[in-house]
Every structure is written in C-alpha cells, then in structure tokens.
Amino acid sequence: DRGVLDVGALVTRHVPSWNSPDRRHVQIPDLLEHASGLPAWTPIHRTCADADAALAAIVDTPLDYAPRTRSAYSDLGFILLGFILTALAGRPLDAQFDDLARALQAPDGGTPLTFTPPATWRGRIAPTRIDEIRERLLVGEVDDANAWALGGVAGHAGLFGTAGAVGAFARRILHDLAPADAGATRIWRAETLHAWFTRSNVPGSSRAMGWDTMLPASSCGTRMSASAVGHTGFTGTSLWLDRDRGIYAVLLTNRVYPVAQPNDGMQTVRRAFHDAVVEAMTP
C-alpha cells in the first residue's frame with residue numbers, strides 16, 4: 001500500500017506477454033475481484049519447473065469467459081498478482097509480507113503470520129492432511145500443490161499463524177478504518193480500505209478487491225452487517241470483518257484431515273459460528 005502497485009493499471013504494464021486480444025484490457029482490479037476470465041485452477045505443479053514457467057503457463061491459459069462479464073474465483077489470478085508484486089518491489093513476496101507481519105506483531109511478541117514457518121514451529125502446528133502428490137502427512141507446509149511447487153510462497157497461498165496473529169491483522173484494519181488521530185500511524189490508506197469494503201460492479205458478483213462481501217448465503221452467516229467482508233480458506237479457515245459493528249471473527253479449523261473429501265457440513269459450521277459470534281458481541 002505504499003504506491004508499489006497501481007491498481008488502475010492494465011496487467012500488460014507489468015506482464016507484457018499478457019497481450020492477446022481476449023485479455024489485453026484486463027486491469028489489476030479484475031484480478032483482485034476474480035473477474036479476469038481466468039479459470040479457477042490448472043495443474044501448474046505438473047509441468048512448471050520454476051516461477052517463469054508458471055507465469056508463462058498462466059498467460060497461455062485460455063480464459064473461461066470475457067473479462068468483467070462475471071466473477072468466478074481464480075487461484076491463477078492471485079498467483080499472477082503475486083508475480084506482479086514481486087517484480088514491482090524487486091523482492092520476494094514473503095519478504096514483503098514479513099515487513100507487514102512485523103508491523104502487525106503484538107507487543108508480547110506472539111507468533112507472526114508467515115508463508116513458511118520454521119522447523120522449530122512444527123510441534124505447534126496441526127497436521128493438514130495426507131497428500132497424495134507428496135505422499136506424506138503435511139505439517140507446516142502449504143496444502144495447495146501449485147503453491148508448493150512455487151516454494152510455498154504464492155499470491156493465492158494461505159498463511160500459517162495463530163488465531164491471535166490473524167486477529168491482530170483484523171484489528172489493525174478496523175483501527176485504520178477509524179477517523180485518524182493526529183500523528184496516528186497507519187499501515188493502509190483510507191482509499192485502499194474503502195476499496196476493500198466496496199462490492200464490485202461486475203454483474204452478479206459478491207466480490208470486493210481481495211475479499212468477498214456479505215450475502216444471505218455467505219459463510220459469515222446471517223447476522224453480520226451488509227458492510228462485512230471476509231475470506232475463506234480451502235482447508236477450513238476464515239476471517240470476516242464487520243466494520244459497522246467493529247468486530248471480527250477468526251475461524252481456524254480443518255475440514256480435510258486426514259484426507260480431503262466432499263464436506264458440505266463445513267458451510268453450516270461456518271455460518272453457525274459467525275452467527276454465534278455476532279450474537280455474543282452485540283449488546
């Protein structure tokens with residue numbers, strides 16, 4: 001948020017090869033709002049030996065729909081965003097995030113958020129699942145195969161951390177949303193946060209930039225205000241923020257242990273959890 005990324009820019013400004021007629025007008029917000037036309041996923045890990053090959057594979061992936069005609073979640077779009085941020089900053093994505101994690105760290109020095117936790121944390125990390133590709137139980141390494149192929153650091157990859165660390169991130173967002181005190185230190189600019197909480201104008205989309213927004217069928221349940229934004233993780237995690245009420249809810253659980261399989265019950269759990277949080281926090 002320090003002027004590194006021009007969110008109004010065309011992707012071709014940062015990725016010149018992204019220039020075929022069907023996609024050359026895609027902008028950075030289209031990636032953030034999952035409206036670029038890119039499909040949800042493709043098995044990059046099977047064919048790409050490095051980041052350059054992965055970027056080329058995404059550029060060459062056929063679009064599923066015309067950009068901004070609809071919205072469909074895309075890992076590939078967020079991987080592309082990670083490549084763009086890395087190129088612009090001239091630093092790896094995890095190094096950029098470490099700077100933010102230090103700014104968010106609690107005064108007591110609690111465990112920070114991180115892409116790749118050190119081996120010394122292994123005893124404190126819950127196992128994720130038995131992975132068929134890696135043929136082992138995953139503990140302290142990213143679940144997603146494409147992120148794993150990119151060294152565990154990618155634009156769509158989840159982070160490791162405690163509920164307290166995720167909560168510190170949420171509290172800082174709510175803090176920076178509040179009217180500024182003289183001399184107050186902020187991480188995010190007001191216009192950035194406004195974009196986070198503003199629903200896309202893409203037809204039928206519930207997305208904002210980087211987040212999902214509250215709908216009656218959302219994972220956040222039925223009690224959060226219309227201004228709430230949040231995000232879920234495949235393995236069973238979520239974070240939702242309700243700026244009108246000034247509350248947030250962190251849910252760190254696991255729906256894929258010991259093996260990933262269809263589990264529609266997780267949505268019921270998520271909705272019940274968030275409804276209970278709002279009820280408990282509302283006078």
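1. The lining of the largest cavity is formed by Ile44, Cys48, Ala49, Asp50, Ala54, Ala149 and Leu150, in what is a predicted model. A cavity here is a set of points, on a 1 Å grid over the protein atoms alone, where a 1.4 Å probe fits but cannot get out, and lining residues are those with an atom within 4 Å of a point. The volume of this largest cavity is about 30 Å³, where a volume is the space filled by probe spheres set on the points, and grid points are joined across faces, edges and corners. A search of the whole structure finds one cavity of 30 Å³ or more. By class, six of the lining residues are nonpolar, none is polar and one is charged; the nonpolar class holds Ala, Val, Leu, Ile, Met, Phe, Trp, Tyr, Cys and Pro, the charged class Asp, Glu, Lys and Arg, and the polar class the others, Gly among them.

2. On the basis of the model, residues are numbered from 1 along each chain as its sequence is written, and side-chain values use heavy atoms, with hydrogens and water left out. Local features need pLDDT of at least 70 and side-chain atom pairs count only at pLDDT 80 or more, whereas totals for chains, interfaces and linings use all residues.

3. The second largest pocket has a volume of about 180 Å³, a pocket being an open set of grid points with protein on both sides within 12 Å along at least five of seven lines. Ala51, Ile79, Gly82, Phe83, Thr86, Pro92, Leu93, Asp94, Leu150, Val153, Ala154 and Gly155 line this pocket. Helix 5 and helix 6 (93-104) are the elements that give two or more residues to the lining, and helix 5 gives the most, with four residues; helices (H or I, at least four residues) and strands (E, at least two) are DSSP runs, numbered from the N terminus. The lining of the second largest pocket divides into eight nonpolar, three polar and one charged residues.

4. Arg68 deserves a look on two counts. Although Arg68 is not a glycine, its phi is positive, at about 65°, and the residue lies in the loop between helix 4 (51-60) and helix 5 (75-89). The side chain of Arg68 also meets that of Asp30 in a salt bridge (2.5 Å, N to O), the term being used for a side-chain nitrogen of Lys or Arg within 4 Å of a carboxyl oxygen of Asp or Glu. Asp30 lies in helix 2 (residues 28-32) and Arg68 in the loop between helix 4 and helix 5, so the pair ties together parts that are 38 residues apart in sequence. Asp30 is buried, with a relative accessible area of 3%, whereas Arg68 is partly exposed at 29%; buried means under 20% relative accessible area, exposed over 50%, and partly exposed in between (1.4 Å probe, protein chains only).

5. The count of salt bridges comes to 13. Asp176 and Arg172 are joined by one of 3.2 Å, N to O, and both residues lie in helix 8 (residues 163-177), four residues apart, about one turn of the helix. Asp176 is buried at 2% relative accessibility, and Arg172 is buried at 18%. Arg245 forms a salt bridge with Asp242, with the closest N and O atoms 3.1 Å apart; Asp242 is buried at 0% relative accessibility, while Arg245 is partly exposed at 38%. Arg129, Asp131, Arg134, Arg136, Glu141 and Asp143 are linked in a network of salt bridges.

6. Two further backbone features may be checked in the model. Glu135, a residue other than glycine, has a positive phi near 55° and is found in the loop between strand 1 (130-131) and strand 2 (136-137); Glu135 is exposed, with a relative accessible area of 70%. A cis peptide bond, with omega about 0°, joins Tyr257 and Pro258, and Pro258 lies in the loop between strand 6 (247-251) and helix 10 (265-281).

7. Tyr257 also belongs, with Ile130, Leu137 and Val259, to a nonpolar surface patch of about 350 Å². Such patches are made of residues with over 30% relative accessible area and no salt bridge, nonpolar side chains (Val, Leu, Ile, Met, Phe, Trp, Tyr) being joined within 5 Å and like charges within 9 Å; accessible areas come from the Shrake-Rupley method with a 1.4 Å probe, and for residues only the protein chains shown count as cover.
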